[in-house]
Amino acid sequence: MTLEFVLSRQDHHVVGRGVRHAFPDIADAVAAVRDGRNVVGAIPFDMSDATALIEPEEFYRLDGPWATVDALPPLPTVTVARQIPDPSVHVQRVRDVVEQLKAGVAEKIVLARAIEVSAESPINPVSVLSALVSRDPMGNGFLADLSPAAPAGRHIVGSSPELLVRKRGNIVSCHPFAGTAARSTDPDEEARISAALAASAKDQAEHRFVVDEIRAALTPFCETLEVPESPQLSSTPQLWHLSTPIVGTLADPATSALDLALALHPTAAVAGVPRAAAMDTIDSVEGSRGFYAGAVGWTDGSGDGEWMVTIRCVELSADGLTGTATAGGGIVADSDPDAELDETTAKFRTVLSVFDR
Ligand SMILES: C=C(O[C@H]1C=CC=C(C(=O)O)[C@@H]1O)C(=O)O
């Protein structure tokens with residue numbers, strides 16, 4: 001049976017194989033969960049686009065991060081075919097957005113850019129997933145077949161550190177990330193970089209927008225909600241981030257993880273504040289984001305589930321010969337456009353480094 005879906009975390013992983021039913025329309029997926037069916041897959045950034053959600057034929061959850069015993073094809077060499085847009089255009093876009101923010105159009109807007117790579121032989125999505133999970137001490141990784149959203153055969157694969165929402169029984173948790181600094185191999189530099197990130201007023205502001213928005217979105221669902229006053233430092237192999245673990249108890253335990261994901265998505269970690277103004281700017285500046293900056297995850301027939309923010313990822317074409325990685329960063333009024341370009345470059349390393357020779 002084909003592998004349609006994997007979500008790997010440090011303590012467990014979920015796999016979906018085969019397609020019993022595809023849900024290009026999110027409302028059908030929500031109804032399926034209410035009927036006690038398992039739903040897995042990917043939700044696009046723009047909810048008016050088709051979703052890539054399915055009820056798999058086989059659904060299982062096991063302890064520990066995902067790993068495979070199958071022999072996988074090695075990853076091919078890739079070359080950068082295109083940058084979308086050219087890096088200088090991205091810098092100019094950030095400059096323009098900073099001016100808009102200063103003029104009061106919005107308070108925060110997340111801008112992204114893409115790198116398209118060409119491969120000499122097909123990139124196997126499972127090989128990418130395997131490389132990503134084995135390199136991440138947190139065991140984070142995801143793979144989703146995007147066929148339900150057509151055209152068939154595309155996959156999105158990545159390693160996101162950002163938990164959009166998890167629901168177990170009546171406990172709901174979120175772990176938003178926003179505010180970034182590239183890591184160093186030098187321990188003294190590492191200490192300096194992480195301390196500077198924790199002390200950065202610009203990054204703290206960027207982060208606060210996300211936490212405030214999540215608090216507001218979760219409050220109507222919760223009996224209790226614990227939101228720490230200030231963020232903590234979290235790391236991935238490439239980056240330092242500010243992050244805030246949020247935990248609540250649900251007023252109605254029948255609220256599913258998918259219901260909660262839809263109430264939260266897209267957060268200000270990928271869109272901005274106010275959301276509508278940010279989405280308008282993103283749409284007019286970048287065009288469609290597809291599944292980047294969406295949500296990827298699962299909800300089982302009991303309503304429990306887990307959804308990650310779809311970042312640090314690459315979308316693979318159906319023939320596997322092209323991969324498009326996308327990375328973005330939150331822009332606020334005092335953002336530095338050149339630093340924002342560097343930040344996206346550092347974020348691309350998560351997925352593009354798997355092709356390094
Ligand atoms: C939008 C992305 O990252 C988000 C998550 C963590 C830090 C972010 C930042 O510092 O801007 C972004 O909000 C991305 O990786 O493409």
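My notes start with the ligand and then turn to the nonpolar cores.

**Entry: ground rules.** I kept in mind throughout that this is a predicted model.

Entry: I looked up the residues around the ligand and found 17. Among these, T180, A269, Y292, R312 and G330 come nearest.

Entry: I went through N and O atoms next. A backbone N or O atom of G179 sits 2.9 Å from a ligand oxygen atom. For the side chain of E343, I noted 3.2 Å between an N or O atom and an oxygen atom of the ligand. The side chain of K347 also has an N or O atom 3.2 Å from a ligand oxygen atom. How much of the ligand does the protein bury? The ligand taken alone exposes 390 Å², and the protein buries 100% of that.

**Entry: cores.** The largest nonpolar core holds 70 residues, and V165, L218 and W307 touch the most other members. I then followed V165: leaving out residues up to four places away in sequence, its contacts include V172, C174, L260, L264 and W307. Apart from this core lies another, of 26 residues, including V15, V314, A325 and F355.

How values were computed. Residues numbered from 1 in each chain as written. Predicted model: local features only at pLDDT ≥ 70, side-chain atom pairs only at ≥ 80, totals over all residues. Heavy atoms only, no water. Core = buried A, V, L, I, M, F, W, Y, C linked by side-chain atoms within 4.5 Å. Buried < 20%, exposed > 50% of the residue type's maximum accessible area, 1.4 Å probe, protein only. Contact = heavy atoms within 4.5 Å. Near = heavy atom within 4 Å. Polar contact = N/O pair within 3.5 Å; in protein donor to acceptor, adjacent residues only side chain to side chain. Areas by Shrake-Rupley, 256 points an atom, 1.4 Å probe, with all protein chains shown as cover.
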